[in-house]
Amino acid sequence: MNPICRVGEHLSRRAFLKGAAVTGSGLILPNWGGLAHAKSAAEGATKAKKRCILLWMNGGASQIDTFDMKPGRPTGGPFRPIQSKVTGLQVCEYLPKVAAVADKLAVIRSMQTHSPDHPDGIYHMHTCYKMSERTPHPELGAVIAKFNGDQASDLPTFVRMGSCGNAGSGYLGPAHEPFGLGRDGKLGSFSTPYLADDAEKKRAELFRFVESEFAADHKAEPFESHRTAKERAWRLLRAKTVFDISKEWPAAKERYGDSEFGRGCLMARKLVEAGVPFVEVGQENYDSHADNFVCHKANMQLLDPAYSGLLTDLAERGLLQDTLVVWMGEVGRTPGINNRAGRDHFIRAWTIVLAGGGVKGGQIYGSTDADGKDVKENPVSEGDLFATIYKALGINHRAKHLSGVRPVWLTPEGSQPLQELLG
Amino acid sequence: MSSGTNENRPDDLTTPRRFAVPDLTKPTQSWTLTWDADWVTSVAFIGGTRKVAAGNNRGGILVWDLPEKPGGDAPKPTLRLDGHTNCVSKLASTPDSKTLLSASYDHTVRLWDTAAATTGEEKLVLNAMAIADAERRKNNGAKVPPPMPATVSVVKASEVFDAHKEWVVNLDLTRDGQTVISGDDGGHVIIWDRATKAVQKRWQVKGWAYALALSPDKKQACVGERYPLVFDSGRHAAIKLWNATTGEATTDLSAEFKGMHMAAAAYSLDGKVLAVGRGGESDGPSGIVTLLDPSNGKKIKALAPGHISGLTDIAFHPDGKHLASAGRDTVVRVWEVASGKLVSELGKSRGGQFKDWVHAVSWSTDGAWLAAADMAGSVQMWHFPN
Amino acid sequence: MRRVRTLAIATGILASLLCELRQARAAEDTVRQFIDTELKAGWQKKGITPAPRSPDAEFLRRVYLDLVGTVPTYDETVAFLSDKEPKKREKLIDKLLAEPRFARHQADVWDLVLFGRHPGNIDATRKRDGFKVWLTKQFADGVAYDQLVRELLQGEQPGSELFQVQFRNQPEEATIAVSRIFLGTQLGCAKCHDHPYDKWTQKDFYGMAGFFVRIVVEEATAGNVKTYTIAEKASGEVLFSGAAKDQQPGKKGEPVKPRFLGGTDLAEPPTPKDVKEPAPKAGTKLPKPPFSRKQKLADWVTSTDNPFFAKAVANRVWAQFMGRGIVHPIDDFQSENVPSHPALLTALAERLTAKKFDLKWLIREIVNSEAYQLAGSGAVTDALPKSFERARVRPLIAEEIVLSLRTATAFDLGSKPDEKSLNPDDYFLRHFGEPTNGQGDFQGSLSEHLFWNNAEQVRVFARRKKGNLTDQLLTSTDPWEKRVDRLFLTLLNRPAKPNEIAKFVEFLKSDPKPDARVEDAVWVLLTSSEFRFNH
């Protein structure tokens, strides 16, 4: 019998409830009107855990026009490289502020991936599994929410803004589902109570009475899970001022750049600081099959201050060491420039950048050939990348779950963390 | 004034010139001037001479001496102007043919003395890319074409206008050859004196300055702006008329062309018509030329059909009654301005789903020749019989 | 050590003797009695005290939801609770089983089994109105389960084709789904490598895939309506090229003969060498092949000799009402996953086969058992207790939530809603469509509760509207105490307890204008865990 494929071993929901440090009565102490952040036994444990911010370049950013430039080559395009803070690492002239914080970056120039289009690439680069498999794999965010999140927190454990992943929490279930914010950072659907505060409070009190009556002789877990989630929703509604960055924005605007993406990055910083273990911020417009250079030029002008501002801000607050910032999209872009002045999807040799979270900065991992058409050394797969990310965050990349009766692992068999990247 | 029968005084540069108007309904392609090192992105006849200059995506500029009559082998380039280090986005010549202006992504506008001394000769292979490409695919049976060698004299000296700090994406020179308007990706629009390079006026628009034109009387400028984000509320497109003396916007046409990115603008010779053309990767044949009354911004006429996937350039014919438009569909169209009628179509859409572009067009001063800058790596020379 | 083993063997012998004894009795007993005998034996062995018999109110709500997919109305509740007839539960079951709502609800349940919330070929399978109509009719007409499955596999009746449409050009997916749903067998692992702990090999997988490889989903468009036809080619083989890890680009596989799972190769006339497939043309249908693999598979799957079929469905229907399967998870029959009550499963399967796969008969037996009618209260925390010692707790499916909200609040009073508005819309599907994790365990979610709390789509059931529950309570001149009792009887189908009455009366009286208070009270009960689950 093969030990890798056993039925019946699974992390039950009970384990999750224990982790959530729910009180014995089944009712989390109501803190309606109280402080934003729950004090719980789990808090101390999860505070020490690392967090992750994913800057998602939706559509697929061009490696040659950003972090793997090929000046003077036919594939080079009109952008010119500038020297970054790190010897040997040149970046695009339109990323001058990023160049100035390049000592924090670990640039992987040798991504070699397997899903060449958008829905499948987005899925694959959020789950490290192929979409066609039909197993409901969870996104990176859901995994991190599960392992590094505090279910007793007032805030969601998996927050995302803009165009992001398409897999959701998959087999990890609704407890780790993404909580979506608008591109502008506004709260998503159904986050505004229609009752006034005092009416809401009165109604909630009646609900709690009904639940406590029922709970007295109904001990099954689903009931508990239902009311726990209800309390979480209420605490979130109370805590939602965290999502209001209008006060911080005027001062932060200069650093992050006056754009939605810049606001998203500030929000991400604020949320990880408040204990949210995973935040994804999507930046649009990278799918430049036509007019690649104007698209990228415009995008980089938003990316440069937002990305560098985020890293600097995290570092200044002492958060960068425990916050991994991942810069990636679903595909890279072709070295060849097509007759629409565009670059198409490319998965054979492209770039992803990691920073913080214990990743050793100021390094380049892997390389491509002179025209950027192939990986020259150290190809990195989706699984290897995810294994690296999980390892950096203190998560076992081979942790096993069951989807139905099928055992599934966080990363595919054979995935290896890139030790050189981890400090 | 616009009768077209009066003799032109030498200093009258806005009245349409009188000459034997060629038959614009009968275009023939005389030559393809091959230069496949990269996309040919700009083209201009040099004054009233038989010289034509073209610039490419890498910053190269070549000059050809054209035979007087169509036919025979394609002429070879004779001159190379070295100086730019990035895409040449626009070329323009003074009417006296003494100065060629080139705008570039390298942040400069260069001014070339066309009679400057050369600093030596260099050998080129005009179809080097095609050869390299075929060599690569030789195993699959690709036939390697014979090389097309050329020897060019090299000019290295030029004056530099360096007031831009970003890609200079467009430029317009008034017909007297004296005043320049140039614009960049930072949204900076600069009006300057060609002879002294003195900045007369500068202002900044919200987006990037793309379409640019200065009226013959130099009082009005048309600026098409864009910020090329696609799925983002930060995207921006606008077209406005500006008082070129004060740098103040006088008419905002953005509502009329909501969300449309204008790639080209040109005033007619008498300044009574302003033609603007929609660019970008718009869907279908919507790269349309729209004729406006510059005095009030009112729409006169739209010239249909438009260019598939967007328009790139507009050039008024020296007779003042026609204009040519070019687009991302490798087609050049000649239009009669008064009626809005399509007079002729030069070339066909080629390729598959997506076509190469014609980046730019230029008329010879006698109106019998049109040069088109072809992305595929050539200048197409079209002739119209008398 | 040895003594222990001897003892174990002895106990085993004893158990199997007892088991045989019980089986012999089963022939005479009704199945409902046999169920209770078997479960009791299990409790005795493990020293488990089961929950008491459910109160009438609890049974009433449970059986309504399970059989007709909605909570009962106030009138239905009061009538049942005040009925003095000793056999009133049995009578209610018979009444509900005869209702059109029964067919409709079973169609909802099976639609979810057959498609899930994210079926393949989603553009074609997103809207399944035609399929639902067909499926409802099968249950309404009492079509036997083997016939139903045969038709799903054949896809020849209008509406039934959609099951196969979801696997368009994906014979592997069809193989996995058909084996899982109808045969209770997991072949997913064997797609890429020989099954690590079960006997299934890749050859078994691709042998089954051979029955699907020739299926063609033909599409026709009329206006903007697309219709699909399931056709079959006369040729085409599965090519097998070894384990996934050994795959090389360009490696060609060997053709694999179709083989019935765990059985023999399909006896099939040789495909003529020069067989020429007619080129598919728009508007014309492929002719039936001279030899249909699809039909052979349908024959084999539904045959009474099929070793998997009857047990798989008996187990599935059992779990539908009892929570856990006797083999659990229900679609994972294999040597390592032993049934908790083997004799019971065998008996259920045999009797169901003898009853010609009459699912309604089986359902009637299960819900008439004492085991089904145990209370849902008590200290056991498992949602699905392993020995069935307490009623299972399951979240209502989105379809049940929508119907129950409408029923409980008298939303449609005085008007007959069109059939479509009874289906959950996108909002309800998004928030209630998949409330469980990969293991089927319920997980409360933030988004669900933000929806409950703030959505107009929910509020509309609680807000006063002429004739609805809130309006009835507000227009009533009864004392508040009576009105609160009515509130509980209507929404939770039980009388309110004295302290509940006191608390609610206090709440409702706390505002001189009671409209908002009544709305809130309705909302509280609708979003309570007592309402959210069937228990």
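This note walks through a predicted model with chains A, B and C, point by point.

1. Some ground rules come first. Residues are numbered from 1 along each chain as its sequence is written, and chains are lettered from A, with ligands numbered from 1, in the order in which they are written.

2. How confident is the predictor in the complex? It gives an ipTM of 0.91 and a pTM of 0.84. For each residue there is pLDDT, the predictor's confidence on a scale from 0 to 100. Chain A has a mean pLDDT of 88, with 89% of its residues at 70 or more; for chain C the mean is 90, and 91% of residues reach 70 or more.

3. Please take care at two stretches. In chain A, pLDDT stays under 50 over residues 1-46, yet the model has 86 contacts beyond four places in sequence for them; a contact means heavy atoms within 4.5 Å. In chain C, pLDDT stays under 50 over residues 1-7, and there the model has 0 contacts beyond four places in sequence.

4. Which chains share the most contacts? Among the 2 pairs of chains in contact, that is chains A and C. Chain B and chain C have no contact joining them, and their closest C-alpha atoms lie 19 Å apart.

5. Chain A holds 11 helices and 16 strands, where helices (H or I, at least four residues) and strands (E, at least two) are DSSP runs numbered from the N terminus. Of its 423 residues, 64% are buried, meaning under 20% relative accessible area, with exposed over 50% and partly exposed in between (1.4 Å probe, protein chains only). Among contacts in chain A between residues at least 6 apart in sequence, 74% join residues at least 24 apart.

6. Chain B has 1 helix and 30 strands. Its radius of gyration is 20 Å, close to the 21 Å that the globule rule gives for 386 residues, so chain B is as compact as a globular protein of that length. This radius is taken over C-alpha atoms, and the rule is 2.2 Å times the number of residues to the power 0.38. The C-alpha atoms fill a box of roughly 60 × 55 × 40 Å along the principal axes, and 57% of the 386 residues count as buried.

7. Among the buried ones are C:Phe205, C:Tyr206 and C:Met208. The buried residues pack against helix 11 (171-183), strand 3 (238-240), strand 4 (254-256) and helix 13 (293-301) of chain C.

8. Is C:Glu58 buried or exposed? This residue of helix 3 (residues 56-68) of chain C has 14% relative accessibility and so counts as buried. Beyond its neighbours within four places in sequence, C:Glu58 has contacts including C:Leu374, C:Ser377 and C:His535. The C-alpha atoms of C:Glu58 and C:Leu492 are separated by 9.0 Å, although the two lie 434 residues apart along the chain.

Note on methods
Predicted model: local features only at pLDDT ≥ 70, side-chain atom pairs only at ≥ 80, totals over all residues. Heavy atoms only, no water.
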